[in-house]
Amino acid sequence: MKEKISNESSVSEFLLLEFSAIRELQILHFSLFLALYLATVFGNLLIISAVAFDHHLHTPMYFFLMNLAIQDLGAVSVTIPKSIVNSLMNTRHISYSGCVAQVLLFVFFLSSDISLLTVMSYDRYVAICNPLQYEMLMNKAACKQMVAGVWVAGFLNAVMHTSATFATPFCSNIVNQFFCEIPQLLTLACSNFYLMEIGAIVVSIILVSGCFVFIVVTYVHIFTAVLKIPSVEGRKKAFSTCIPHLVVFSVFFSTACFAYLRPPSKTPSDGDFALTVMYSLVPPMFNPIIYSMRNKEIKNALSKLLGFRKSPLDIFSRVFRFSKE
């Protein structure tokens, strides 16, 4: 199959980034991505199971956390398995429809993540700054409506980006990334139709920046309120529920924005690959650890669920810290 195609011809499939032409390195890539994927799936399934089966965690904060775990699980399952299979089978191919599906679902889960993290900051704001109104404002019906709005908004945003990206004909079928990433697809465009997607990205960046500003302002109020709490234990508990959320959003926001705002390279780049892994794989993998590391309720729920004296995520975090030392 020709890698370069004429303007008149239509693309029936794409060629994704090949990790290496050396078979041993392909197997290394397969093993590494498989291990990271299984760790991500395991961690997020633990969070989902803990929240679903422990009635002590049937609160708005953990309801949102369970939805975040579902979104993270979906995001990695859209991209990583295809890369794993390609490395194992020594191939680069992905069908046109498969590429469309990857873009649609990945943007769907990515957008939903950002929206949900914004909702979660509002939940923490109400819980800490307006505790007397918490049960009224964050009742079961309100939480379900918020989550439904998150999923619907994410889907509409995904449809907009997917339609704008694939509205243009492509002059090449070589995607310099391990999945169908929008910035890389735009470098293959033959006409100015790609400006539609550029416009859609600008609109999304503005909306995401609005979410970022909202979260920052919210946390300024939260930290101001927390510092006024007289007891050290009270401040510690408040910080333990807020800091993980802020860390997760900051890492996710900074890497994703940098990946989509910088001009994409038309040649394979280790920097582009590392940056994409940073925003597409690292947050879903570390979110369960970050949210449970200092959360006694999650640890206790996991211990009861699996019959361990210590939470498996706690054991993993201890091993991770020991290996760093």
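Predicted model: local features only at pLDDT ≥ 70, side-chain atom pairs only at ≥ 80, totals over all residues.
Residues are numbered from 1 along each chain as its sequence is written, and side-chain values use heavy atoms, with hydrogens and water left out.

Colleague: Are helices α1 and α2 roughly parallel or roughly antiparallel to each other?

Modeller: Helix α1 covers residues 23-53 and helix α2 covers residues 60-89, helices being DSSP runs of H or I with at least four residues, numbered from the N terminus. They pack at an angle of about 160 degrees with their axes 9 Å apart, where axes are lines fitted to C-alpha atoms over the stretch in contact and angles run from 0 to 180 degrees between N-to-C directions. Angles over 145 degrees count as roughly antiparallel and those under 35 as roughly parallel, and α1 and α2 are therefore roughly antiparallel.

Colleague: Is S280 buried or exposed?

Modeller: S280 lies in helix α9, residues 270-280, and, leaving aside neighbours within four places in sequence, is in contact (heavy atoms within 4.5 Å) with V76, F106, F178 and F179. Buried means under 20% relative accessible area, exposed over 50% and partly exposed in between, with a 1.4 Å probe and protein chains only. At a relative accessible area of 1%, S280 is therefore buried.

Colleague: How does A52 count by relative accessibility?

Modeller: A52 has its place in helix α1 and, apart from neighbours within four places in sequence, is in contact with H58 and M66. Because its relative accessibility is 39%, A52 counts as partly exposed.

Notes
Helix = DSSP H or I, 4+ residues; strand = E, 2+ residues; numbered from the N terminus. Parallel < 35°, antiparallel > 145°, perpendicular 65-115°, else oblique.
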